[in-house]
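Thank you all for coming.

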Amino acid sequence: MDRKLFSKLVNERILFIDGAYGTEFFKRGITKGSAPVELLNVTNPDAVIQLQDEYVKAGVDFLLTNTFSANRHKLRKLNCEDSFRDININAVKIAKKAANKAREYIGKEVYVLGDISSVGEMVVPFGELDSTYVYNVFKEQAQLLYDGGVDGFIIETMSDIKELKLAYLAVRDVTQDLPLLVSMTFEENGVSVTGTSLEIYASLFNDLDIDAIGMNCTLTAELMVPLARKLALFSKKPIFTEPNAGKPTLTAGERLVYKTSPEEFTVHIEDHVQVGVNIVGGCCGTGPEHINYMTKHLKDKRPVKRNVEKLDVISNRTYMVNISPFLIVGERINASGKKKFQEKIRNFDFENVLKLAREQENEGAQVLDVNLGNETFLSKEHFRKVMVELDRTVSIPLSLDIQSEEFLETALFEYPGRPLINSSKATKEELDKKIALLKRFGGVLIILAMGNDIPKSAQERCRIGKWAVEYAISQGIEKDRIFVDPLVLPFGANEDYNITLETIRLLSTDKIRTSIGLSNFSFGMPNRESLNASLLALAMERGLCGAIINTAEQTTMNILNGMKRMLKKEAIETPVQGMENELVKFLIQGDEISADKYITSLGSGALRMSPLEIVQDVLTKAMEEIGKLYANNKIFLPHLILAAETVKPLFTKLSAMIPEGQSIKLGKVLLATVEGDIHDIGKKIVGTVLESAGFEVIDIGKDVPAQVILQKTVELKPNIVGLSAMMTTTVVKVGEVVKALKSAGIELPIIAGGASMNEELAQRFRCIYGKDAQQAVEMCKQIIEKR
């Protein structure tokens, strides 16, 4: 299937994707034990083709290969790595065999999409997996599926935008000729578990070479309607959705079933179509009966025409800033000419980089320009690590001021969002290189209004800038993804600043955005701040749209804010509530030095708090506040992890000062992901919040058999056992663990959570249901208080 045909079909009528595989095999009693359903491609191909035949007869347009968990990394964790090649090769053969019967069954073509999903563990900086390793895992699987003859690809159920981007790059490096659909999974608030909003997701993939963008899993068709409406509003690409059929429950015969009927499912799927969704299908709990009812009732529907709202932003995984009306870029992460700063960077000491990032964000920068200085003595690893560190500390979005194409590509590979690239000369050779990077990674580009030499007149700078913009547009880059730098030269060198101002005016007349490096103007001069502020006011009056500035200059920032008000260029900003607590702010920003000074001050002076009082009344309460901010969607997983990492050495330091016999731990909680399930993001979140609240947490890992959990419970004597089950096919293992513990005479409280758990299942399993991390913490506190 070529991409032109896909585009033609998706614009002609509503298209249909099949339903679930794992839950359907489980409902049919085909899967046994903890073996992944993908192994059926080898051990029971007849069962796979039977299900796919049913989906074809149900009227689908796209049939997915049974390869959701069939990347090498995931299969290795499930002890099935030896079958990696056979699973993927057979999956394509089976799906194509079923698809080839479509003309006979339903009188139309059915196309096979190679199905790729998460590796099941988090990528750096919030996990241990290296980005290049993960990219290679995806590329290896994509190559097998491509060689097998798939008609296109779908990457689905991704919760981490960085992992999704790596999978996207891998597939597109295998083929640029086949359609590619990408999908993330979101909570009801429209934010992924790792803190990425629908808007950030759409803004990045609007830039990238995909054929459709979507969301799947987690939510029912009804709950997904508002999210589908929002995605349809902001995405320039065709939209697809694959919701769940409700929450699972157990029948009297211990069969797992979903309560959402085909009729109810279709009623809400029709709402998806009405808000602008082009392709619909099903995820967990949906079977051929859901897809059949859906296709029969929606087959004559045509796609709704959408009015897409422009997402004019720079972003990372959790922050998104509007480019309009004026973009403020902090300039101080710049090691050029700073020997000590440069030496620290060469030695992989990025503390000063992170300190400057925090300072500039507090001063009002919206974006941080990153320039590591002389790149001669640096390596790709320097740029990889600085990107990872800035991502880990949840800094605001970045502008990448990197000269080497190789180093710039390394940074873009690691960056989880839509960056600003600073910059390119207006020569065809250099523009071609930067445009290739924009197409591959997404983002916005600053183009200098010069070729190899600096033009002397405003007219010439304007002519060069206009040519560069027109050339970029001719190469497929939209005009709103470009700034032109009109070139600010040193006032002390007797350069005429009016040339810069006139260039801004001329380019603004043609609705071309401009941005300047402001501090160049005052280079080598006394009273730099007053000069910078004066030029900025004049430039903004002529139409300047952004500036790379020293946000520590109070006069400059005051002038900037005043000019924004006068020119009606103010943007509405909503601060994070709860950040008035200074210690909370330090912890969320990963500022261990300031946090340490803060708690040290509490032990001296008039307060003279004891170490135990500081732990119980200050640190623990600060982390409780952070837990509440997370629960209320004011901060996200990266902030939570960073705060937990920052507070650990402070707890350790204070604990060493507390006399023996004075316990600072509320209780001991043993955590495990049940057998057959290798997902542990949710468990890690719970563990992080529990530790922050003062509990001792023992995490014994993922894919843990019931007997091992029993053994560790006897050995470690926890007060509470916490179990996680994300997959529907493994949720029954929670019941096995409860039974094993109770059979051994252990009557400990057992809290279970995860995407597949719910209150009804918890009651059947005789355990406690923990809806989310914050609820789990409150339950644990109540249990300990009642001891």
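Before we look at any angle, please note that axes here are lines fitted to C-alpha atoms, for helices over the stretch in contact, and that angles run from 0 to 180 degrees between N-to-C directions. Helices (H or I, at least four residues) and strands (E, at least two) are DSSP runs, numbered from the N terminus. This is a predicted model, in which local features need pLDDT of at least 70 and side-chain atom pairs count only at pLDDT 80 or more, while totals for chains, interfaces and linings use all residues. Residues are numbered from 1 along each chain as its sequence is written, and side-chain values use heavy atoms, with hydrogens and water left out.

The axes of helix 18 (residues 428–441) and helix 19 (residues 458–474) come within 11 Å and cross at roughly 45°. That makes helix 18 oblique to helix 19, where angles under 35 degrees count as roughly parallel, over 145 as roughly antiparallel, 65 to 115 as roughly perpendicular and the rest as oblique. In contact, meaning heavy atoms within 4.5 Å, K428, L431, D432 and I435 of helix 18 meet W467, A468, Y471 and A472 of helix 19.

Beyond its neighbours within four places in sequence, A99 touches V56, L63, V110 and V112.

Finally, the chain holds 31 helices and 25 strands, and buried residues make up 60% of its 787 residues.

Methods: Buried < 20%, exposed > 50% of the residue type's maximum accessible area, 1.4 Å probe, protein only.
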